[in-house]
Amino acid sequence: MRIATLCLLSLFCLLSGLTMETQAADAVALAPALPSLARDLWISEIRGGAYLHDPTSPESGSVNLNLEVLSVKPFLPADPVLALLVPRFHLGGSLNTAGKTSHVYGGLTWTFDITPKLFVEGAFGLAFHNGDTGRTAPVGHAALGCTPLLREAGSIGYRLDANWTVMATVEHMSNAGLCNANRGLTNYGLKLGYIF
């Protein structure tokens, strides 16, 4: 963690020393290379958005900022029906803006087209959080029992064009009764995605 922080600080110092014109020119020059770089890293899509943080829980009344990256499919069968069943890998994180539970997560995502523009998604994986894991939690916090938690998500999305998508998502995290407490969290959000 300390090395990552030092690298980020070094990068910030380096970038802040550049002029605005140089930064703008570098950004324009880098833009055409991003799709190629994303493919080299096996990234198919990046998404960002905001979630209402479980409106029915003790932690209600706050917002999570979310960022998520999805891989390309690891393989693609020739049969189009079988190809639908192959998931993409996802990694993401949600930062709570009010100091409530934040989390990082990873798992598998399945996308199914309803029409060329409209699609639905399902996702399953694990989430690691900084919330309370005891039997009881302080006032204003949820008793989540343990970490990691199981995370499931469902989305309905719309393709604005070949690259941009917008999605409404609900995500739920809980320990399925495997730990002392199992309050869980259910967040509701909107995300904007960019497909490389």
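Which residues form a disulfide, and how far apart are their sulfur atoms? C146 and C179 do, with their sulfur atoms 2.0 Å apart; a disulfide here is a pair of cysteine sulfur atoms within 2.5 Å.

The model is predicted: local features need pLDDT of at least 70, side-chain atom pairs count only at pLDDT 80 or more, and totals for chains, interfaces and linings use all residues. Residues are numbered from 1 along each chain as its sequence is written, and side-chain values use heavy atoms, with hydrogens and water left out.

**Figure 1. Overall fold.** The protein has four helices and eight strands, where helices (H or I, at least four residues) and strands (E, at least two) are DSSP runs numbered from the N terminus. Along the sequence the pattern is α-α-α-β-β-α-β-β-β-β-β-β. Of the 196 residues, 33% are buried; buried means under 20% relative accessible area, exposed over 50%, and partly exposed in between (1.4 Å probe, protein chains only). Among contacts with a separation of 6 or more, 55% are between residues 24 or more positions apart, a contact being heavy atoms within 4.5 Å. The protein exposes about 11300 Å², of which carbon and sulfur atoms supply 72%; accessible areas come from the Shrake-Rupley method with a 1.4 Å probe, and for residues only the protein chains shown count as cover.

**Figure 2. The disulfide C146–C179**. A search of the whole structure finds one disulfide. The torsion about the S-S bond of C146 and C179 is about 80°, so the disulfide is right-handed. The pair links distant parts of the chain, 33 residues apart: C146 is in the loop between β5 (118–129) and β6 (149–159), and C179 in the loop between β7 (164–174) and β8 (185–195). C146 is buried, at 15% relative accessible area, whereas C179 is partly exposed, at 24%.

**Figure 3. Backbone details at P148 and A176**. The peptide bond from T147 to P148 is cis, with omega near 10°. P148 lies in the loop between β5 and β6. A176, in the loop between β7 and β8, has a positive phi of about 60° although it is not a glycine.

**Figure 4. A nonpolar surface patch**. L52, V63, L65, L95, V170 and Y188 form the patch, with about 520 Å² of accessible area together. Patches are made of residues with over 30% relative accessible area and no salt bridge; like charges are joined within 9 Å and nonpolar side chains (Val, Leu, Ile, Met, Phe, Trp, Tyr) within 5 Å. A salt bridge is a side-chain nitrogen of Lys or Arg within 4 Å of a carboxyl oxygen of Asp or Glu. L65 lies in strand β2 (residues 62–71) and is partly exposed, with a relative accessible area of 46%.
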